[in-house]
Amino acid sequence: MRDRLRRLWLRLVAYGALEPRFRSGRWRIRAEALPRLRPYWERQQAAYEKARRLFEEVNYCRECTLGCCSGAFNRFTVYDHVSHVVAGLTAAPPWSYCLHPFASYRCNRVDDGLCPFFVPGKGCGLPYEVRPATCVWWICARMQKEFDATRLRELAAIRRMIDEAHTGYARVLLIGGMERAPR
Ligand code: SF4
């Protein structure tokens, strides 16, 4: 229940406060906020490393051509944007961060109905460090069915770490972590 409430809060903050500011182009992350965001980014990266180990052990995506990665929209959210900025990515994807699933189908559409980062026979072509958090967080119905209790517990811990990192991002940004961008 607590986890669900946290996720709801994260979505409300992203959708109602953070995303509109970034999208307007009139706001940006304050440089002084980066050291405060860094520990949360490290927590997220630690979660991604756990996920990488878990999913490399059971990579159904290699055999999969449809499903989670299909759908003509990207999965980046405003929290991925923050993560990319903290990581120092200068060539972030063109502005197309959307709060999944709201309106995301309208953003960054691709023509063939498959995410452009999907590599047949491999799965996701993006390194974990920059992969959309949704894609790390999510598992398909087959995994959900076949994962044993230990794996599901591991996954729950990974999800919690990602959500905690995003909560940290949101708090820092809401409390003085953003500034007006010069025109
Ligand atoms: S970013 Fe990677 S995991 Fe996410 S939809 Fe695209 S190919 Fe799939």
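User: What makes up the shell around the ligand, by residue class?
Analyst: In this predicted model, the shell holds eight nonpolar residues, two charged residues and no polar ones. Its members are Cys69, Arg75, Cys115, Phe117, Phe118, Cys124, Leu126, Arg131, Pro132 and Cys135. Arg counts as charged, so Arg75 and Arg131 are the two charged residues. Cys, Phe, Leu and Pro count as nonpolar, which accounts for the eight.

User: Why are these residues said to be around the ligand?
Analyst: Cys69, Cys135 and the others listed are included because the C-beta atom of each, placed from the backbone, lies within 6 Å of the ligand.

User: Why is H3 called mostly covered?
Analyst: Seven of the nine residues of H3 are buried. They are Val78, Tyr79, Asp80, His81, Val82, Ser83 and Val86. Each has 20 or more other C-beta atoms within 10 Å of its own, and therefore counts as buried. Across the protein, 28% of the 183 residues count as buried.

User: Which elements do the buried residues of H3 pack against?
Analyst: They pack against H1, strand E1 (27–29), H2, H4 and H6. After H3 comes glycine 88, with a positive phi near 80°.

User: What makes Leu18, Leu37, Val82 and Tyr169 stand out in the largest nonpolar core?
Analyst: Among the 29 residues of that core, these four touch the most other members. Helices H1 (2–24), H2 (34–57), H3 (78–86), H4 (133–137) and H6 (149–177) each supply at least two residues, and H6 gives the most, with eight. Beyond residues up to four places away in sequence, tyrosine 169 touches Leu37, Tyr40, Tyr79 and Val82.

User: Which residues of H2 are buried, and what do they pack against?
Analyst: Leu37, Tyr40, Trp41, Gln44, Ala47, Tyr48 and Ala51 are buried. These buried residues pack against H3, H4 and H6. In an α-helix there are 3.6 residues a turn, so residues three or four places apart point the same way.

User: What is the confidence of the model, and where is the pLDDT below 50?
Analyst: The average pLDDT is 84, and 84% of the residues score at least 70. Over residues 99–108 the pLDDT is below 50, though the stretch has 21 contacts in the model beyond near neighbours in sequence. Where pLDDT is low, the predicted coordinates should not be read in detail.

Technical notes: Residues are numbered from 1 along each chain as its sequence is written. This is a predicted model: local features need pLDDT of at least 70, side-chain atom pairs count only at pLDDT 80 or more; totals for chains, interfaces and linings use all residues. A nonpolar core is a set of buried Ala, Val, Leu, Ile, Met, Phe, Trp, Tyr and Cys residues joined through C-beta atoms within 7 Å. A residue is buried if 20 or more other C-beta atoms lie within 10 Å of its own, exposed if 12 or fewer, and partly exposed in between; C-beta atoms are placed from the backbone. Helices (H or I, at least four residues) and strands (E, at least two) are DSSP runs, numbered from the N terminus. Two residues are in contact if their C-beta atoms, placed from the backbone, lie within 7 Å. pLDDT is the predictor's confidence in each residue, from 0 to 100.
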